[in-house]
Amino acid sequence: MFVDVHAHLNDEKFEDIEKVVERAKNANVEKIITAGFDIESSLKNIEIAKKYEDVFVTVGVHPEMVDEVEENYLEKLKEMCKFEKVVAIGEIGLDYHFKDDNKELQKKVFIEQIELANLLNLPIVVHSRDAMGDTLEILKEHTPVCPSLLHCYSGSIESANEFIKLGFSFSFGGVVTFNNAKNVVKVVENLPIEKIMLETDCPYMAPVPYRGKINEPCFVPLVAKKIAEIKNIEIEKIEEKTTKNAKKMFKI
Ligand SMILES: [Zn+2]
């Protein structure tokens, strides 16, 4: 069985979540971790996890949402973490792609949430886009106490090795199947399988041959197949190892 460690089941593109979960099961994707990106989506994901036994949650404020963050957001996140199926704080991090005039606020909110995770003894799920240097710098100073995850990793193998020293693993999704993903392919090739997990980031980033369509957890095996090809390992081994890695980190 597979685990999708990063999905957004709360997204309005998913009209019938029951069907999405069912299609995942039929594709052997047994467990799904659905990620919050602000307070509202985190709460919505908790409601979804209450309904479906094999759906787990991360709660957190995404760097693109920091301008709207309320003063008491940390208390709200802390309250949410009382729910036993909250398995990490995420997705949190830095994103300078569309907006970089609020770097200081992004860093502050990132650090505050790392500290919350450390207080609660939870892993973090990190989103980092066009901000790899600052992400690494912050994590060196504010290292998570629990082994944690960089999702949709797009950095170099050199940076990856630095993150590994800080206890990080990496999850990969549809991007590895794209023709222009040479850098990601190289990273996957060089990373030990013990550090790799599978994700979709659905409804976005659907793998080939569904690129541009609505992505779903049921497409995880396509990502596994591509990683098996890149690493020249049987897909069964990829399935077994990545699932083991996810279960260990998120205690699911
Ligand atoms: Zn995401």
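Eight strands make up an open sheet in the order β1-β2-β3-β4-β5-β6-β7-β8, with parallel pairing, where strands are DSSP runs of E with at least two residues, numbered from the N terminus, and two strands pair if DSSP finds at least two bridges between them. Because β1 (2–7) and β8 (196–198) each have a single partner strand, they stand at the edges and one side of each is left without a neighbour in the sheet. This is a predicted model, in which local features need pLDDT of at least 70 and side-chain atom pairs count only at pLDDT 80 or more, while totals for chains, interfaces and linings use all residues. Residues are numbered from 1 along each chain as its sequence is written.

| Strands | Bridges |
|---|---|
| β3 (residues 55–59) and β4 | three bridges |
| β4 and β5 (residues 124–129) | six bridges |
| β6 (residues 148–151) and β7 (residues 168–172) | four bridges |

Within these pairings, T58 has A88 in β4 as its bridge partner, and I92 is partnered by V126 in β5. From β4 the chain crosses through helix α4 (residues 103–120) to β5 in a right-handed β-α-β crossover, meaning that, with the strands pointing away from the viewer, the path from the first strand over the helix to the second runs clockwise. Strand β4 (residues 86–95) is largely enclosed by the rest of the structure, because ten of its ten residues are buried, that is, 20 or more other C-beta atoms lie within 10 Å of a residue's own, with C-beta atoms placed from the backbone.

Conventions:
A residue is buried if 20 or more other C-beta atoms lie within 10 Å of its own, exposed if 12 or fewer, and partly exposed in between; C-beta atoms are placed from the backbone.
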